[in-house]
Amino acid sequence: MHIRTFRAASLQDALEEIRNQMGTDASVLHTRQVRDGWMGWLGRTYVEVTAGLRGVDDAKTPDDSIPQADAEVPVTVPIRSGYMQAEPTFPGPFEGFREQLIDAGVSPKTALRWLKSTESFTVGLGDSINEPWMDHLQRSIARELRIGGPIRTQPGAKHIVALVGPTGVGKTTTIAKLAAGFRIQERRRVGLVTIDTFRIAAVQQLEAYAEIMDLPMEVVENPSQMQPAIERLGDVDLVLLDTAGRSPSSDARIDQLVELLRMAQPDETHLVMAATSSSSTIQSVLKGFAPAHPTAAILTKLDEATSTAGVLSAITASDDFAGIPLSYLTNGQQVPDDIQVASAEPLLSRLLPGSFVTNQMEAA
Ligand SMILES: Nc1nc2c(ncn2[C@@H]2O[C@H](COP(=O)(O)OP(=O)(O)OP(=O)(O)O)[C@@H](O)[C@H]2O)c(=O)[nH]1
Ligand SMILES: [Mg+2]
């Protein structure tokens, strides 16, 4: 048997090269995932496929014209800089996932990246390939997801955290949930500042929470009032700064926000976005609010999201985007209960509409 070993970025690429070089009669003998670089660190991950070609030459002696097994010197298939030129087809349920992901608002390029990564991931798993395919897809996406952790406070540190984001995504409600959590569970001294003076109702909304929780609250109308207001809050451990919702496409309103933040000098700025938004909305929010230098993101209204695929495609790390670390997820209107420290599981369990996930798991 003529045996050769190929390395490629994905199983798909390796099989294509095997077909090109050894013909369609070649059979795959072994697959594994390998990593180059020092001790596997800082290297790239490849799929290594050993293929064999049985034929009339099997009976020949070793000095025959056909080369013998050369597993020590694998043929490395060039890793392409972009994705496939021609559309690849994926085995088994992967092809169905691709359609579902695209229907859920994931760009074809991102769907392809996730599926290629899942495919090469499952190659390395050997026998456990029988696990539900959806689990593998979720794990591939989880590897690109950044979880930043919760706000950390120290007594007396006056840690300032601002929440920014588009209108109606749940900034004020999330401030109330955070304030209650830190005040009641962590026994921290919390102060509130609102710079949402565009609507009287907005000030009243936060005031109502401040009164119920007996928290000091300041209203700031222009940048020069910011520092004195923070001073007046006195000796608090955590200052939560509520801001007016802004359209990410309004440069003037974003500039005003940046100026207010510059005066407040927040330690953390959390960009609040609704998990019900489309991938393109999230992308434009990330772009529009970039001048505010968000350090983390909060995803709200997870309870209303039928699929998180679109949102995940916009916030996960890729070659072009570092990803944004998540701090909290909110899943309902109830203050203070409906908030949790961000983790991958609640997002991935809603990746695609439930019926599809169930079907795939049953089929697997
Ligand atoms: N279902 C659901 N509703 C939420 C959640 N968080 C907030 N809401 C609701 O979303 C609506 C808007 O919430 P707000 O907190 O006022 O939103 P905001 O971002 O402060 O709005 P603006 O200040 O107008 O920009 C309210 O009806 C909230 O009850 C959530 O996690 N799930
Ligand atoms: Mg508000």
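Predicted model: local features only at pLDDT ≥ 70, side-chain atom pairs only at ≥ 80, totals over all residues.
A polar contact is a pair of N or O atoms within 3.5 Å. A polar side-chain atom of glutamine 205 sits 3.1 Å from an oxygen atom of ligand 1. The backbone takes part as well: a polar backbone atom of glycine 168 is 3.0 Å from an oxygen atom of ligand 1, and for a polar backbone atom of lysine 301 the distance to an oxygen atom of ligand 1 is 3.1 Å. Taken alone, ligand 1 exposes 650 Å², and the protein buries 83% of that area.

The surroundings of the ligand can be described residue by residue. There are 20 residues around ligand 1, and those that come nearest are Lys171, Thr173, Asp303, Glu304 and Thr330.

Helix H8 runs over residues 251-264, a total of 14 residues, and reaches 20 Å from its first C-alpha to its last, close to the 20 Å expected at 1.5 Å a residue. Its buried residues are Ile254, Leu257, Leu260, Leu261 and Ala264. Why do the buried residues of H8 line one face of the helix? Seen down the axis of H8, they fall within an arc of 120°, so they line one face. The face turned away from this buried side carries Asp251 and Ala252, which are exposed.

Helix H4, at residues 133-142, is mostly covered, with 7 of its 10 residues buried. Among the buried residues of H4 are Trp133, Met134 and His136, and Leu137, Gln138, Ser140 and Ile141 are buried too. Helix H7, at residues 226-232, contains proline 228. This proline has a relative accessibility of 38% and therefore counts as partly exposed. Proline 228 and alanine 264 are 36 residues apart in sequence, yet their C-alpha atoms are 9.9 Å apart in space.

Serine 307 is located in the loop between strand E10 (296-300) and helix H10 (309-315). Is serine 307 buried or exposed? Buried means under 20% relative accessible area, and serine 307 has 16%, so it is buried. Its side chain reaches two backbone atoms: the oxygen of leucine 351 at 2.6 Å and the nitrogen of alanine 309 at 3.2 Å.

Histidine 293, by contrast, is exposed, with 61% relative accessibility. Its place is in the loop between helix H9 (279-288) and E10. Histidine 293 and leucine 271 are 22 residues apart in sequence and 9.0 Å apart from C-alpha to C-alpha.

Some backbone angles are also worth a look. Lysine 158, in the loop between H4 and strand E5 (159-164), has a phi near 50°, a positive value in a residue other than glycine. Lysine 158 is partly exposed, at 22% relative accessible area. Glutamine 265 also has a phi near 50°; this residue lies in the loop between H8 and strand E9 (268-274) and is exposed, with a relative accessible area of 53%. Finally, the peptide bond from valine 335 to proline 336 is cis, with omega near 5°. Proline 336 belongs to the loop between strand E11 (326-330) and strand E12 (339-341).

Methods: Residues numbered from 1 in each chain as written. Chains lettered and ligands numbered in written order. Heavy atoms only, no water. Near = heavy atom within 4 Å. Polar contact = N/O pair within 3.5 Å; in protein donor to acceptor, adjacent residues only side chain to side chain. Areas by Shrake-Rupley, 256 points an atom, 1.4 Å probe, with all protein chains shown as cover. Helix = DSSP H or I, 4+ residues; strand = E, 2+ residues; numbered from the N terminus. Expected span 1.5 Å × (residues − 1). Buried < 20%, exposed > 50% of the residue type's maximum accessible area, 1.4 Å probe, protein only. Arc of directions from axis to C-beta.
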